[in-house]
Amino acid sequence: MVVVRRFVIAMSATLLLGAAEPSAPARAAFERGEAALSAGRMDEASAAYREALAATPGYAAALNGLGSVLFRKGQVADAIARFREATQADPGLKMAFFNLGYAARKAGDAATAAQAYERYTQLEPNDADGYYGLGESYRQLGQKDKAVAAYQAYIAREKRPGEQVWVRKAREYLAAMGAEPVPAAAAVPAAASTSTQSAAATPAVEMPAPFPESRPASAAAPVVAPERTPNPALAAARIRDGDALMKERRYREAAFAFVDATHADAGHVEALFKLGNAMAVLGYYGQAVEKWERAAKLTQDAAIRQSAQDNVVRARAKMAQAGASPQAAGQPPGSGPVSDTTRAQARRAYEQGVQRIGTRDYGGALTSLTQAIQLEPMLAVAYTARGSANIGLRRYAEAAADYQYALELEPGAASPLYGLAESYRALGRNAEARGLYERYAASSATDVRSQLQEESRQKAAKLR
């Protein structure tokens, strides 16, 4: 199951030795940015971080904060650039390396992710999360031995009850690679399966039971607090955002808000419960079941447990009726079925982006194509087009990430092959570029162009 483990919202208020020393105005602006980010006020946070950077260029913590804002707004390539700048400005800023690794991995740039996680685990050797990301990155790169070592290091360190599902996943990867899994510290019941999720784009016939609001304030506290310090203020703010969006029937956006809340505080019962509700309304019954079951395990409140169990029963009935679906791969919220209206909006944004590429307005194209992707995250042609916009801006690593993801979505497409070859050639990765040119030249896909096939053959020959 593909689940976002930890959203990139980590912040660092302390500058380490060797980084640019901020002026008093820069520090004040940075602190305003931190407060705004914690409260979920993205535009305000962005403005404050930029003010801090204007006052003190190279202010690493502000670069990291700005990257966090950009990532949460869906501007992943820009976020990666800011995280990278933060690591260059302060090689000791731990969370900048973690954020760079996470964002690069989500963008499909496993090589950058591995480098960032390697540095993070050196700086923070006892944090399990860094090793899981490192294992994922090396596994995607096909570097088996390094992946095995990273997963084993993760299992040895991960003791949080709420994270044991990832320990099981790491053990599965180790077994698949023929390696001996590290024995878990304690057995934990298996999480709910997500192999049969509904493809329905409309809400369930019966809405999930709401989170019981009459409980005492402390009743929803987790039985065992996670080792990592949670951010309950941010969780509460994002829950409020999600509640408002649910009332407006903006379920996809609400799901993202609740995801933010669960990553700000992994043991927050209310956030988990409401995330399950939003997922169920979107048709992600398998993932909804998992969230409700996790919430029930973390609370001692009988009303919450009963409501969660009632929802699980209804969701499993829906799953039995619907059978398997394209969402059976466990895509995160927002990746599943979209309404015709949303799809039309995404298509218009995509077409506008293509038109802007034609007029060499690459910055404008990037904005339009990012909007298209936010509206319809499975729109492969939008990733391909955004890769072209990034090439126009000479942002070759970002372009490569877009083309790679387009290929994941449509493995039989030809256009991303050519774009990825161009990106790798510009990055000096000539052997990989040559192989991609050869694949494009030999492709019989419907989107292949004969002129580019000839150019691909010529470019491949020059790279031999």
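Q: What volume does the second largest pocket have?

A: The general idea is that rolling a probe the size of a water molecule over the atoms shows where empty space is left. A pocket here is an open set of points, on a 1 Å grid over the protein atoms alone, where a 1.4 Å probe fits, with protein on both sides within 12 Å along at least five of seven lines; lining residues have an atom within 4 Å of a point. Points are joined across faces, edges and corners, and volume is the space filled by probe spheres set on them. In this case the second largest pocket holds about 660 Å³. Keep in mind that the model is predicted: local features need pLDDT of at least 70 and side-chain atom pairs pLDDT 80 or more, while totals for chains, interfaces and linings use all residues. Side-chain values use heavy atoms, without hydrogens or water, and numbering starts from 1 along each chain as its sequence is written.

Q: Which residues lie nearest the centre of the second largest pocket?

A: Thr384, Ser388, Tyr403, Ser415 and Arg449 do, out of 25 lining residues. Helices are DSSP runs (H or I, at least four residues), strands are E runs of at least two, and both are numbered from the N terminus. By class, the lining has 15 nonpolar, six polar and four charged residues. Nonpolar covers Ala, Val, Leu, Ile, Met, Phe, Trp, Tyr, Cys and Pro; charged covers Asp, Glu, Lys and Arg; the others, Gly among them, are polar.

Q: How many salt bridges are there?

A: Side chains of opposite charge can pair when their charged atoms come close. The rule asks for a side-chain nitrogen of Lys or Arg within 4 Å of a carboxyl oxygen of Asp or Glu, and the count comes to 20. Take Asp78 and Arg395, whose closest N and O atoms are 2.6 Å apart. That pair spans 317 residues, from helix α4 (residues 76-89) to the loop between α17 (380-392) and α18 (396-409).

Q: Is Asp78 buried or exposed?

A: Buried, at 17% relative accessibility. The scale is simple: buried is under 20% relative accessible area, exposed is over 50%, and partly exposed is in between (1.4 Å probe, protein chains only). Now try Arg32 and Glu51, with closest N and O atoms 2.7 Å apart. They join helix α1 (residues 24-38) to helix α2 (residues 42-55), 19 residues apart. Arg32 is partly exposed at 42%, and Glu51 is partly exposed at 41%.

Q: What does Met42 touch?

A: Contact means heavy atoms within 4.5 Å. Leaving out residues up to four places away in sequence, Met42 touches Leu37, Val69, Arg72 and Lys73. Met42 sits in helix α2 and is buried, at 13%.
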